[in-house]
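Here is a short briefing to read alongside the sequence and the model. Please keep both in view as you go through the points.

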Amino acid sequence: MRTLQILLDECSVSRTAAILGQSQPAVSLALKRLREIIGDPLLVRSGARLVPTERGLELGSRIERVLAEIDGMVIEDRPFDPATDERAIRIHAVNCLGIFFMPRIVEMLRREAPRMQVDFCGTQNEREIFCELEAGSIDLVIGNWPLPRESLRFAPLLETDMVLVMRQDHPMAGRARLTLDEYLELDHLSPTPYISAEISPVDGRLAQIDKKRRIALTVPEFALVPSTLARTDLVFTSSRPFAEQMAAVMPFALVDAPADFHTMKFYMLWHDRAQHSACNRWLRGLVRRVAGELNDFGALPSLKLEPRDILAA
């Protein structure tokens with residue numbers, strides 16, 4: 001009913017998907033099922049836009065009253081105030097945007113909820129992430145792998161391109177971009193274990209196109225990547241902001257990843273059980289505000305530099 005109400009209010013599948021935190025195909029499928037169940041198109045084309053049918057308008061007003069009554073029953077008895085709340089929250093977060101994104105989230109969390117205990121955690125298994133969201137032991141996921149489960153709520157945050165980091169004397173240093181075949185011939189360093197390929201934005205994307213890279217070394221955390229890379233002939237694939245930060249403090253070269261990778265997209269995931277939680281809504285809004293600031297004010301240092309600029313850094 002919630003999906004139908006928003007569809008009838010917004011008259012747009014894409015806006016409904018964004019509001020619900022779902023993909024457009026999922027909302028389109030829901031609309032198709034609703035049309036079959038109700039026996040009415042509900043929304044029809046009028047030029048370039050959708051408009052409700054007469055049956056859709058009638059249902060919309062009735063559904064609005066029903067949902068308002070349901071919302072009144074499920075609203076938490078105890079009002080939520082982040083300024084005084086002392087609960088513990090856990091956020092699973094990828095860390096290749098850590099130096100740009102996480103400190104801003106923590107700053108805002110400390111400002112708005114100084115008494116909360118916050119745990120940023122990492123999990124190496126997609127199934128484990130889902131189970132912890134389902135059990136409520138993780139409140140929110142900030143992820144970047146290509147195919148998050150459609151059964152989870154979803155909201156986009158940030159998008160950046162992908163690059164390779166390598167020593168300046170590496171044979172591929174100075175190239176503008178590698179082809180996919182050249183990329184697959186290299187030996188790679190990865191902070192993601194072999195068993196976690198499904199939550200890797202790199203290996204997940206390669207799996208989508210039926211390819212696999214040669215990971216010669218994995219390390220347990222991102223902090224070990226620069227010093228390890230500086231002593232080997234390995235290459236490291238990451239988001240451009242993280243790679244540029246590495247190149248700013250150590251003499252690395254950056255080369256664009258193969259065009260087949262497209263961009264790296266960061267998003268939030270949460271379980272439907274937390275959709276109406278006042279605390280979870282506030283937390284999602286806080287993360288969305290931080291991402292909005294980065295997007296709106298160009299604070300995300302993802303502008304592409306020329307290879308000569310990187311080499312000179």
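Is R111 buried or exposed? R111 is exposed, because its relative accessible area is 54%, where exposed means over 50% relative accessible area, buried means under 20%, and partly exposed lies in between (1.4 Å probe, protein chains only). A word on the ground rules: this is a predicted model, in which local features need pLDDT of at least 70 and side-chain atom pairs count only at pLDDT 80 or more, while totals for chains, interfaces and linings use all residues. Residues are numbered from 1 along each chain as its sequence is written, and side-chain values use heavy atoms, with hydrogens and water left out.

**Salt bridges**

- Side chains of opposite charge can pair when their charged atoms come close.
- Counting a salt bridge as a side-chain nitrogen of Lys or Arg within 4 Å of a carboxyl oxygen of Asp or Glu, the total comes to 19 salt bridges.
- R111 has E107 as a partner: their side chains form a salt bridge at 3.1 Å, N to O.
- E107 and R111 are about one helical turn from each other because they sit four residues apart in helix α5 (residues 98-112); helices here are DSSP runs of H or I with at least four residues, strands are E runs of at least two, and both are numbered from the N terminus.
- E107 counts as partly exposed, since its relative accessibility is 47%.
- A second salt bridge joins the side chains of R153 and D272 at 2.6 Å, N to O.
- This pair links distant parts of the chain, 119 residues apart: R153 belongs to strand β6 (residues 153-167), and D272 to the loop between β11 (263-270) and α11 (278-296).
- R153 is buried at 14% relative accessibility, whereas D272 is partly exposed at 40%.

**A salt-bridge network**

- D256 and R177 also meet through their side chains in a salt bridge, at 3.7 Å from N to O.
- D256 is in strand β10 (residues 252-256) and R177 is in the loop between β6 and α7 (180-185), so this pair ties together parts that lie 79 residues apart in sequence.
- D256 is buried, with 7% relative accessibility, and R177 is partly exposed, with 39%.
- Through shared partners, salt bridges join D161, R177, R240, E244 and D256 into one network.

**Helices**

- Helix α10 (residues 240-249) is largely enclosed by the rest of the structure, because seven of its ten residues are buried.
- Helix α1 and helix α2 (residues 13-20) pack with their axes 9 Å apart, at an angle of about 135 degrees; axes are lines fitted to C-alpha atoms, for helices over the stretch in contact, and angles run from 0 to 180 degrees between N-to-C directions.
- α1 and α2 are therefore oblique to each other, given that under 35 degrees counts as roughly parallel, over 145 as roughly antiparallel, 65 to 115 as roughly perpendicular and the rest as oblique.
- The buried residues of α1 are T3, L4, Q5, I6, L7 and L8.
- C11 follows α1 and has a positive phi, near 55 degrees.
- E132 lies in helix α6 (residues 126-135) and is buried at 15% relative accessibility.
- Between E132 and H92 there are 9.9 Å in space, C-alpha to C-alpha, and the two are 40 residues apart in sequence.

**Loops with positive phi**

- L42 is not a glycine, yet its phi is positive, at about 65 degrees.
- The loop between α3 (24-38) and β1 (43-46) holds L42, which is buried with a relative accessible area of 0%.
- D210, also not a glycine, has a positive phi of about 60 degrees.
- D210 is placed in the loop between α8 (201-208) and β8 (214-218), and is exposed with a relative accessible area of 69%.

**A nonpolar surface patch**

- M1, V66 and I70 make a nonpolar surface patch of about 240 Å².
- Patches consist of residues with over 30% relative accessible area and no salt bridge, with like charges joined within 9 Å and nonpolar side chains (Val, Leu, Ile, Met, Phe, Trp, Tyr) within 5 Å; accessible areas come from the Shrake-Rupley method with a 1.4 Å probe, and for residues only the protein chains shown count as cover.
- M1 sits in the segment before α1 (2-10) and counts as exposed at 52% relative accessibility.
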